[in-house]
Amino acid sequence: MPPLKPMLARTAATIPAGMHYEAKWDGFRALVFRDGDEVEIGSRTAKPLTRYFPELPPALRAALPPRCVVDGEIVIAREGRLDFDALLERIHPAASRVRMLAERTPAAFVAFDLLALGDEALLDTPLAERRALLTEALRGAADPVFLAPATRDVELARRWFRQYEGAGLDGVVAKRLTLPYRPDERLMVKVKHERTADCVLAGYRHHKSGPVVGSLLLGLYDATGRLQHVGVCASFPMRRRQELIGELEPLRAGAEEDHPWAEWRDEEAHATARMPGGPSRWTGTKDLSWVPLRPERVCEVAYDHMQGDRFRHTAQFRRWRPDREPGQCTYAQLEEPVGYDLAEVLVPPGEADLDRDRAAGERRE
């Protein structure tokens, strides 16, 4: 019964051999609980998601066994790629807007684990058996409910890691075949893409604990010469957060005059340019204020991939780049992954394991 938190993954630099592999989806992690006509969808933090995706319960009732708990991901695709921004738009208090978006940009559910079936809890059942049961349970499923592609061939997993990024996927997840399901424990392995970019430092936010740096605000110049906000980098040790306050103090003098994001308090300005301080869909009370800095300093950050014109996740600070000029920090430096159609990833549930292992065998032959 809900609430229940999903099993998590720890990060690794390379794909380990001898495991079960799946694509890493860039969506909302979700646990689906079905008991007859009742369907509840819980988030990674065990909060209810059902009201935000009204199109999914009917599809899940049609696709899932009468009583079950399934782990998976809610995704939205546009033009052959996953679109995380479209998912964020669903987190809206107005039911009328949610219904309108459900018709305009319908979501899909990608299942990759089975936690309970009928009267039987499967948390202690090895992954290999859970996967077999899930495959059988979803044999008659159809769009928008999918079985996540999986393979035991590490070479095929490495090819997925390269190819699937073009469809907006995050990387690859590896799981031991004997792995039981342990809620809220990091027993899986995730391997994500990482690249670096030189960005302009244009401001910072304070840490929630007090007057120290919480995150650095990053910018890149677009083709028109305008500095666009592309994300933040964070995860500094507390001592370093304190040091940064003093280190960045000289850049505060005169920063508000002619700052490229000076209009950040104007809601209309956010419609024409990317800048910090926009409204948060997750917490309407979150303080999104920030401290402007003169955009004169460059830092190198690591990032996994882009979502439109911004970093999808929080970037990681690597080093200052005194040898770079801010004007050199443009979108042109970013690597663009080769396009890949999401339709090639999502296939009918009955083919999700078979075709991929057959393809791997054909390559070896």
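Q: How many of the residues of the protein count as buried?
A: This is a predicted model. Of its 365 residues, 52% count as buried. Buried here means under 20% relative accessible area.

Q: What are the helix and strand counts of the protein?
A: The protein has seven helices and 20 strands.

Q: How much of the contact count comes from residues 24 or more positions apart?
A: Take the contacts with a separation of 6 or more. Residues 24 or more positions apart account for 73% of them.

Q: Why is C199 called buried?
A: The cut-off for buried is under 20% relative accessible area. C199 has 0%, so it is buried.

Q: How many disulfides does the rule give?
A: The count comes to zero.

Q: Which residues touch the most other members of the largest nonpolar core?
A: They are L216, L218, L248, V301 and F311, in a core of 34 residues. Several elements supply at least two residues each: β14 (195-207), β15 (210-221), β16 (227-234), α6 (238-248), β17 (291-303) and β20 (315-320).

Q: What does F311 touch, not counting residues up to four places away in sequence?
A: F311 touches A197, C199, L218, V230, G231, V301, Y303, H305 and M306. L218 and V301 are also among the residues that touch the most other core members.

Q: Why is T50 called buried?
A: T50 has a relative accessible area of 17%. The cut-off is under 20%, so T50 counts as buried. T50 sits in the loop between β4 and α1 (56-63).

Q: What does T50 touch, leaving out residues up to four places away in sequence?
A: T50 touches V39, E40, I41 and P57. T50 and V39 are 11 residues apart in sequence, and their C-alpha atoms are 8.1 Å apart.

Q: Why is R294 called partly exposed?
A: Partly exposed lies between the buried limit of 20% and the exposed limit of 50%. R294 has 23% relative accessibility, so it falls in that range. R294 is in strand β17.

Q: Which residues is R294 in contact with, leaving aside neighbours within four places in sequence?
A: The contacts of R294 are L201, P250, L251, R252, A253, G254 and A255. A255 is 39 residues from R294 along the chain, yet their C-alpha atoms are separated by 4.6 Å.

Q: Why is E79 called exposed?
A: Exposed means over 50%. E79 has 85% relative accessibility, so it counts as exposed. E79 lies in the loop between β6 (77-78) and β7 (81-82). Its phi is positive, about 50 degrees, although E79 is not a glycine.

Q: What makes D258 an exposed residue?
A: D258 has a relative accessible area of 79%. That is over 50%, so D258 is exposed. D258 is in the loop between α6 and β17. Phi of D258 is near 60 degrees, a positive value in a residue other than glycine.

Q: Which residues lie nearest the centre of the second largest pocket?
A: M1, P2, F33, C68 and V69 do, among 17 lining residues. The volume of this pocket is about 420 Å³. β3 (28-35), β4 (38-43), β5 (67-75) and β8 (108-117) each give two or more residues to the lining. The lining divides into 11 nonpolar, one polar and five charged residues.

Methods. Residues are numbered from 1 along each chain as its sequence is written. This is a predicted model: local features need pLDDT of at least 70, side-chain atom pairs count only at pLDDT 80 or more; totals for chains, interfaces and linings use all residues. Side-chain values use heavy atoms; hydrogens and water are left out. A nonpolar core is a set of buried Ala, Val, Leu, Ile, Met, Phe, Trp, Tyr and Cys residues joined through side-chain atoms within 4.5 Å. Buried means under 20% relative accessible area, exposed over 50%, partly exposed in between (1.4 Å probe, protein chains only). Helices (H or I, at least four residues) and strands (E, at least two) are DSSP runs, numbered from the N terminus. Contact means heavy atoms within 4.5 Å. A disulfide is a pair of cysteine sulfur atoms within 2.5 Å. On a 1 Å grid over the protein atoms alone, a cavity is a set of points where a 1.4 Å probe fits but cannot get out, and a pocket is an open set with protein on both sides within 12 Å along at least five of seven lines; lining residues have an atom within 4 Å of a point. Grid points are joined across faces, edges and corners, and a volume is the space filled by probe spheres set on the points. Ala, Val, Leu, Ile, Met, Phe, Trp, Tyr, Cys and Pro count as nonpolar, Asp, Glu, Lys and Arg as charged, and the others, Gly among them, as polar.
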